[in-house]
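Have the viewer open while you read.

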Amino acid sequence: MTGTERAAAEGYAGSYVAHHVRGEHARLRTLEAAFDPATFRVLGRLELPADAHCLDLGAGAGSVAAWLAARHPLGQITATDTDTRFLRFPPLTRVRVLQHDAVREDFPPEAFDLVHARALLCHLPRREELLHRAVGWVRPGGWLVIEDLSVRPVDASAHPLFRKVTRAGEKLLATTVGSDLRWADTLAARFTELGLTMVESSTAPGTVGDRSATDAFWTATFDQATPALLEQGLLTRQDIENMRALHRSPSFTDTGISLISVSGRKAAHGRVRR
């Protein structure tokens, strides 16, 4: 069985972005540097009690959970992942680390003032089901915030090679993990359909080629994906070399990906529509 065949059988946990892959912790840190500012802006606008109970699904390397714990020192933060090896916090930090598979495992109804997930649901084949269940974990008057990555900006790129490389990466994740890197584009409408109120959507563009934090995230992801892209036949070695040359070019700057953040409040009374 090849590496990509194993990934198809195992999903995200068997892919090139699984936690056991060498370099994945560093790649997650680049994701945090790239998009934490946007995430913290969204979360910072929410009305939450001082002792808020917050759930961070698929917490990755833990920066969002740590920020929530610092902002709500009287609260209780639960940080989950199927692999918790990167979730390490200083002593006395009010973060409960829980190994948890959100696809197969539940939480009590209305247990949290905030349920948050970033760059998670787009990689899960049962994302629609999980979105609906996540609403049920939110207390009346509480918040659901889902943030996911979209590659749609690359459709308008003036660089054909960049479009080719991005679509190859998109196909790789779709076929080996089941990811949908365009699902987030219609996320706000789903929030409204689920009966959430005060729905807001914001987009943080990720530029490439400008040596920014988002460029570092793109570079780390591209480097980590290269062996799988070659093995799957989605790109040739010449494509890889040409993309690296384009990326090094002083004249190259483009938008490679965006983070779409959608927040919505659960009605204080009444039921979520089904």
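Two strands count as paired if DSSP finds at least two bridges between them. With that in hand, take P205, whose bridge partner in strand 7 is S258. Keep in mind throughout that this is a predicted model.

**The sheet**

Strand 6 and strand 7 (residues 254-265) run antiparallel and are joined by 10 bridges. They belong to an open sheet of 7 strands with mixed pairing, and the strand order is 3-2-1-4-5-7-6. Strand 3 (95-99) and strand 6 (197-208) are the edge strands, each pairing on one side only. From one strand to the next, the twist averages 15 degrees.

Now for the pairings around strand 4.

| Strands | Sense | Bridges |
|---|---|---|
| strand 1 and strand 4 | parallel | 4 bridges |
| strand 4 and strand 5 | parallel | 6 bridges |
| strand 6 and strand 7 | antiparallel | 10 bridges |

Why is strand 4 described as largely enclosed by the rest of the structure? Because 7 of the 7 residues of strand 4 are buried. If you're colouring by side-chain direction, remember that in a regular strand the side chains alternate between the two faces of the sheet.

**Helix 4 on the sheet**

Which strands does helix 4 lie across? Helix 4 lies across strand 1, strand 4 and strand 5, and its direction makes an angle of about 150 degrees with strand 5. Helix 4 spans residues 127-137, and its buried residues are R127, L130, L131, R133, A134, V135 and W137. The cover over those buried residues includes strand 1 (53-57), strand 4 (112-118) and strand 5 (138-150), along with helix 6 (187-193).

**Helix 2 against helix 3**

Two packed helices are described by the angle between their axes and the distance between the axes. For helix 2 (residues 24-44) and helix 3 (residues 63-71), the angle is about 35 degrees and the axes are 10 Å apart. Helix 2 passes helix 3 in a right-handed crossing. On the helix 2 side the contact is made by E32, D36, T39, F40, L43 and G44, while helix 3 brings in S63, V64, W67, L68 and R71. Sorted by class, that contact has 5 nonpolar, 3 polar and 3 charged residues. As for the spacing along each helix, an α-helix has 3.6 residues a turn, so residues three or four places apart point the same way.

**Two serines to click on**

S63 sits in helix 3. Is S63 buried or exposed? S63 counts as buried because its relative accessibility is 13%, and the cut-off for buried is under 20%. Leaving aside neighbours within four places in sequence, S63 is in contact with E32, D36, F40 and R118.

S157, by contrast, is in the loop between strand 5 and helix 5 (160-176). Its relative accessibility is 6%, so S157 counts as buried too. A polar atom of the S157 side chain lies 3.0 Å from the backbone nitrogen of H159. Not counting residues up to four places away in sequence, S157 touches F162, R163 and D254.

Notes. Residues numbered from 1 in each chain as written. Predicted model: local features only at pLDDT ≥ 70, side-chain atom pairs only at ≥ 80, totals over all residues. Heavy atoms only, no water. Axes fitted to C-alpha atoms, helices over the stretch in contact; angles between N-to-C directions. Left-handed = near helix turned anticlockwise from the far one by under 90°. Contact = heavy atoms within 4.5 Å. Nonpolar A, V, L, I, M, F, W, Y, C, P; charged D, E, K, R; others polar. Buried < 20%, exposed > 50% of the residue type's maximum accessible area, 1.4 Å probe, protein only. Polar contact = N/O pair within 3.5 Å; in protein donor to acceptor, adjacent residues only side chain to side chain.
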